[in-house]
Amino acid sequence: MPHELETFANGQTAFASARVSAWHQLGTVTQNTMKAEEIMSAALLGDWGVRTIPVYGVDIVEGVEIPILADDKRMTVRRNPVTGDTEYLGIVGTDYTVVQNEQCADMLDQLVDQVGGSHFETAGSLRGGKSVFVTMKLPTAMEIAGVDRMDLYLIGTTSHDGSAALRVDASPIRVVCANTQRAAFQHAVGHYTFRHTSNVNQQIAQAREALGLMWKYMETFEAAAERMLQTAMTMTQFEAIVAQVWPVKDNAPEKTRNNAKERLGTLKYLITEADTQRAIAGSRWAGYQAITEYLDHYQQAKNATVRANRVLTGKTGDLKLTAFDLLKV
């Protein structure tokens, strides 16, 4: 699978998690919380030395190989953390600025350096080192209407192949079943993106302003969640929402229709019988949580690792956004 956590030739996986994994039991869980340099080492993300080198093509003229420089492109490479070999990561433009994995962690540190009690929770490498992520748990938590607790995280992600910029997201995670939450609001920003074509360190001041918007995002999320929790929803209404999140055409193949039927059965179980729904049963918030719990823990996948990586890099987040928009009041 293209989005799986990176595993090296010696069997080690580029992933680390502190105490309890918020990312669905991936990787090895340590007994202590970690600082930036500790989680970089534990996740095998440290000292990659990502850099750009010239890109050449080879033309063969009368049996002679002639190197041709691609003067508008550069190649990103890294040092393999296990073997020390130089490895290809991607092709980028000449104005591309490398962001080291350590800078991603340091950026989160700088954003919350005045917030005591924050600690790094997880970090890992995806797609053969082309993408990396780091998550930091904040000491603040939300209590939705006093009955549903959600921890707050900052998630730093970046790529080394030019496919994505350095980005920090704010994300609530529901404690009772470790569901990662996604919600979009017109006037609240839940993420901030740094461009790879400028000095990241110079943008920390801007990012602090964005972090203020993220706190506003959290407040908006909490208010919307409480309205959803206080609004009842029938099973018929829930089934209609599910049909919009996962639309099935009338002429869909039998396998598609059977998969949809199975999915609906699991979702109906989650919203009516699952222990994780007990405190919020019968509400639109329960409908949203049933969908997020399904996506994080029950959707069809080759294994739990593949399912968890979808949460980080796949289309799972978009489905959560759709569900939230349909269920919010």
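Two strands count as paired if DSSP finds at least two bridges between them. Strands (E, at least two residues) and helices (H or I, at least four) are DSSP runs, numbered from the N terminus.

This is a predicted model, where local features need pLDDT of at least 70, side-chain atom pairs count only at pLDDT 80 or more, and totals for chains, interfaces and linings use all residues. Residues are numbered from 1 along each chain as its sequence is written, and side-chain values use heavy atoms, with hydrogens and water left out.

View A. Look for P54, whose bridge partner in β4 is R74.

**View B. The open sheet.** Here 3 strands line up as β3-β4-β5, with antiparallel pairing. β3 (51-61) and β5 (86-93) sit at the edges with a single partner strand each, so one side of each has no neighbour in the sheet. On average, neighbouring strands are turned by 50° against each other, direction ignored; the axes are lines fitted to C-alpha atoms (for helices over the stretch in contact), and angles run from 0 to 180 degrees between N-to-C directions.

**View C. L44 in its loop.** Most residues other than glycine have a negative phi. L44 isn't a glycine, yet its phi is positive, about 60°. You'll spot L44 in the loop between α1 (36-42) and β3. L44 is buried, at 16% relative accessible area (buried is under 20%, exposed over 50%, partly exposed in between, with a 1.4 Å probe and protein chains only).

**View D. D47 in the loop between α1 and β3.** D47, again not a glycine, has a positive phi near 60°. With 55% relative accessibility, D47 counts as exposed.
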